[in-house]
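This report concerns helix packing and ligand contacts in one structure. Please consult the sequence and the model shown here while reading.

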Amino acid sequence: MRISKFEDYELIDASCGEKLERFGDIILIRPDPQIIWNTPKVDPMWRKAHAKYIRSTKGGGYWEVYKKIPDVWTISYKDLKFRLKPMGFKHTGIFPEQAVNWDFVSDVVSKSSGNMKILNLFAYTGGATMAALSAGAEVCHVDASKGMTLWAKENVKESGLQDKSVRFIVDDCLKFVQREKRRNHFYDAIIMDPPSYGRGPNGEVWKLEEGIFNLLNACSEILSENARFFILNSYTAGLSCGVMAYLLNATIAKNRSGVVFSSEIGLPLKASKLVLPCGSTSIWQASI
Ligand SMILES: C[S@@+](CC[C@H](N)C(=O)[O-])C[C@H]1O[C@@H](n2cnc3c(N)ncnc32)[C@H](O)[C@@H]1O
C-alpha cells in the first residue's frame, strides 16, 4: 500500500464507522462506511473534537459543532497550501490520502527535461494541479463545478503559484477531452480522480462504471508521443486495483511501452500504527 504522511494532517483514530482527524489545529469526526471494527475509543481527542459530521437518512447530512471553527483555515503539504472549510457531504476541501500521488507527480515532473503539459481531470480543489505547477509543469485543470474551480484558484494563489502556467476549465471531463482531440491538443501526462457519481455543468451524468472505459479511450487519443504517465485514482467501493490495472492496460498502455502498477493508498493511524485504506491508484508510466 502507498501511504501518505504529512505534518498538518493526522488520522488520529478510526472506530465504529467514524474517523477522528486533525486538520492543522481543527479536530473533526467524519463517517467512513468501511470502518467496521469497534476498537475502544480511548484517545481523549474523541471527546475534544470541534465538530462531527452526522449523516442524514435522506442522504447528505450536517455538521454538529461543539467548538468554534474558523470559516476558512489553511493547512500546508510541503510548499502547497490548502484552504479548508467544513462542507456538505463531509468534505473539507482536501483528500489527504492523495499526497502520495502528488509526490509521484512532482517527482516525475522535476526529473523531466521541463515544460511537461499535464491535464488534471475531476481536479477538485487542485492538489495535483499545484504539485505539478510547483515542480515546473504547465497544467490544465478541469472540473464541472464553478465553486470547486474558484477554490482551486484560491489555493494556487495562497501557494504563490498564480504566475505559473495554469488553465482552469469548468466543463464535463469527457466533453473537454473530446474537444481537445478535435483541436489536436496533446498532453504529456493525465491525472484523473473521478467520483463514483457526478454531474457535468450542463447536467451531464457521470457514473464511473459506465463511463470510465470510454473516457480512458478518449484520453489515450490526446496523450502525446512523449507521454510520461497516466494516473487513475478511485475511491469507488468495488473497483479493485486489478480492474483498474486491466482498464489501463486495455486503453492507455495498449500501444505504449512502459509499466502499469496498481495499489491501494492509505493513511497511517496515530493511535495504532495501522493503515486505513482510502481507495486505489493505478499508474501507467513510460519506460525511460
Ligand atoms: C471528489 S472530487 C475528486 C478529488 C480530487 N481529485 C482531489 O483529490 O483533490 C470529484 C470532483 O469531480 C467533479 N466532477 C464530478 N462529475 C464531473 C464531470 N462529469 N466532469 C467534470 N468534473 C466532475 C466534482 O465537481 C468534484 O470536484
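The model is predicted: local features need pLDDT of at least 70, side-chain atom pairs count only at pLDDT 80 or more, and totals for chains, interfaces and linings use all residues. Residues are numbered from 1 along each chain as its sequence is written, and side-chain values use heavy atoms, with hydrogens and water left out.

**Helix packing**

Two packed helices are described by the angle between their axes and the distance between the axes. Helices are DSSP runs (H or I, at least four residues) numbered from the N terminus. Axes are lines fitted to C-alpha atoms over the stretch in contact, with angles from 0 to 180 degrees between N-to-C directions. A crossing is left-handed if the near helix is turned anticlockwise from the far one by less than a right angle, and right-handed if clockwise.

| Helix pair | Axes come within | Crossing angle |
|---|---|---|
| α1 (residues 99-111) and α2 (residues 127-135) | 8 Å | roughly 25° |
| α4 (residues 173-182) and α5 | 9 Å | roughly 25° |
| α5 (residues 208-220) and α6 (residues 241-250) | 9 Å | roughly 35° |

Helix α1 is roughly parallel to α2 (angles under 35 degrees count as such), and their crossing is right-handed. In contact (heavy atoms within 4.5 Å) are W102, V105, S106, V109 and S110 of α1 with G127, A128, A131, A132 and A135 of α2. These residues comprise seven nonpolar, three polar and no charged; Ala, Val, Leu, Ile, Met, Phe, Trp, Tyr, Cys and Pro count as nonpolar, Asp, Glu, Lys and Arg as charged, and the others, Gly among them, as polar.

Helices α4 and α5 are likewise roughly parallel to each other, but their crossing is left-handed. Here C173, L174 and V177 of α4 meet N214, L215, A218 and C219 of α5, giving six nonpolar, one polar and no charged residues.

Helix α5 also packs with α6, in a right-handed crossing. I212, F213 and L216 in α5 meet L247, L248 and A250 in α6, a contact of six nonpolar, no polar and no charged residues.

**Ligand surroundings**

Which residues come nearest to the ligand? Of the 18 residues around the ligand (a heavy atom within 4 Å), they are D143, A144, D172, D193 and Y235.

Several polar contacts (pairs of N or O atoms within 3.5 Å) can be located. A polar side-chain atom of D143 lies 2.6 Å from a ligand oxygen atom. A polar backbone atom of A144 is 3.1 Å from a ligand nitrogen atom. For C173, a backbone N or O atom lies 3.1 Å from a nitrogen atom of the ligand; C173 in α4 also meets α5.

Terms used. Helices (H or I, at least four residues) and strands (E, at least two) are DSSP runs, numbered from the N terminus. Angles under 35 degrees count as roughly parallel, over 145 as roughly antiparallel, 65 to 115 as roughly perpendicular and the rest as oblique. A polar contact is a pair of N or O atoms within 3.5 Å; within protein, one must be able to donate a hydrogen and the other to accept it, and residues adjacent in sequence count only if both atoms are side-chain atoms.
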